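Let us walk through this structure together, one neighbourhood at a time. Keep the sequence and the picture in view as you read.

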Amino acid sequence: KKYLSPYYYNDQTKLFVIQSESNINSPDYIKKISSDIIEMHKTIPKRILILCTSFKQILEFEKNIKQLYPNNENILFQTKGKSKDILLSEYLNNKNSILFGTNTFWEGIDLPKDKLEILVIFKLPFSNPSDPFVQANIDYYLSKNLNPFMSYQVEDTILKLKQGFGRLIRSTDDMGVCIITDPRIAKKKYGQNILNSLPVEAHLYSSNHVLVNEIKKFLK
């Protein structure tokens with residue numbers, strides 16, 4: 001079921017979801033996505049925001065991207081203690097900046113029109129099951145004979161994902177694309193629940209070259 005919105009999502013945005021057999025937790029996978037982002041950056045002169053779910057992921061991206069594309073001042077990485085406002089200011093200084101962010105960048109930032117045209121969601125924002133609050137909720141659902149993964153963890157992820165997706169279209173004349181690079185969506189049964197929660201149909205892709213061409217056509 002698609003939620004009602006003042007926006008014309010099917011005209012204003014496209015959603016691409018990777019189809020891959022790769023393990024998202026493999027170091028080689030971040031290398032691959034790093035390379036894909038750089039190819040996109042070199043081909044499409046638009047601002048890109050990459051939402052990560054941990055600072056550890058951002059450090060991995062930083063290591064890989066600095067090897068692939070050294071000394072590029074337009075590529076920004078959120079690190080612990082760095083001001084969100086300073087990062088956003090640096091990001092807006094150039095029309096083809098890339099910003100890797102986590103936590104505070106999933107909600108509460110407003111980047112209309114050309115301030116954000118390509119949004120990459122690297123990994124589904126599942127809560128950490130070892131967090132005491134999350135564990136208490138899991139125990140609660142188990143006590144009610146409910147499946148905590150489907151009833152709680154997936155639903156919580158959907159809510160966070162919608163918040164992240166919501167960074168892209170901020171007005172009726174916004175345009176942009178969202179790319180989700182978590183291969184579990186296309187592989188796991190719960191992936192369809194997640195896709196059904198978003199306001200546009202997903203296009204599966206396996207070739208980054210094809211993806212970049214599709215984005216170029218849409219954002220021309």
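Strand S5 (residues 118–121) and strand S6 (residues 176–180) run side by side in the parallel sense, joined over four bridges. Here strands (E, at least two residues) and helices (H or I, at least four) are DSSP runs, numbered from the N terminus, and two strands pair if DSSP finds at least two bridges between them. Within this pair, Ile121 stands opposite Ile180 in S6. This is a predicted model, in which local features need pLDDT of at least 70 and side-chain atom pairs count only at pLDDT 80 or more, while totals for chains, interfaces and linings use all residues. Residues are numbered from 1 along each chain as its sequence is written, and side-chain values use heavy atoms, with hydrogens and water left out.

S5 has another partner too: strand S2 (residues 48–51) pairs with S5 in the parallel sense, again over four bridges. In that pairing, Ile48 stands opposite Ile118 in S5. Which way do the side chains of S5 point? Ile118 and Val120 point one way, Leu119 and Ile121 point the other way, and all are buried. Buried means under 20% relative accessible area, exposed means over 50%, and partly exposed is in between (1.4 Å probe, protein chains only). In a regular strand the side chains alternate between the two faces of the sheet.

Val17 touches Ile180, Ile185, Leu195, Ala202, His203, Leu204 and Tyr205, leaving aside residues up to four places away in sequence; contact means heavy atoms within 4.5 Å. Val17 has a relative accessible area of 0%, so Val17 counts as buried.

Now for the cysteines. How many disulfides does the structure hold? The structure holds zero, where a disulfide is a pair of cysteine sulfur atoms within 2.5 Å. Cys52 is in no disulfide, and the nearest cysteine sulfur, that of Cys178, is 13 Å away. Seen from Cys178, the closest cysteine sulfur is in Cys52, and 13 Å is too far for a bond. Cys52 is buried, because its relative accessibility is 0%, and Cys178 is likewise buried at 0%.

Next, turn to a pair of helices. Two packed helices are described by the angle between their axes and the distance between the axes. The axes of helix H5 (residues 132–143) and helix H6 (residues 148–165) come within 9 Å and cross at roughly 145 degrees. These axes are lines fitted to C-alpha atoms, for helices over the stretch in contact, with angles running from 0 to 180 degrees between N-to-C directions. From H5, the contact is made by Phe133, Val134, Asn137, Ile138, Tyr141 and Leu142, and from H6 by Pro148, Ser151, Tyr152 and Gln153. These residues divide into seven nonpolar, three polar and no charged. Ala, Val, Leu, Ile, Met, Phe, Trp, Tyr, Cys and Pro count as nonpolar, Asp, Glu, Lys and Arg as charged, and the others, Gly among them, as polar.

Finally, visit two loops. Asn71 is found between helix H3 (55–68) and strand S3 (75–77), and its phi is near 60 degrees, a positive value in a residue other than glycine. Asn71 is exposed, with a relative accessible area of 78%. Asn103 sits in the loop between strand S4 (98–101) and S5. Phi of Asn103 is also positive, near 45 degrees, and Asn103 counts as partly exposed at 46% relative accessibility.
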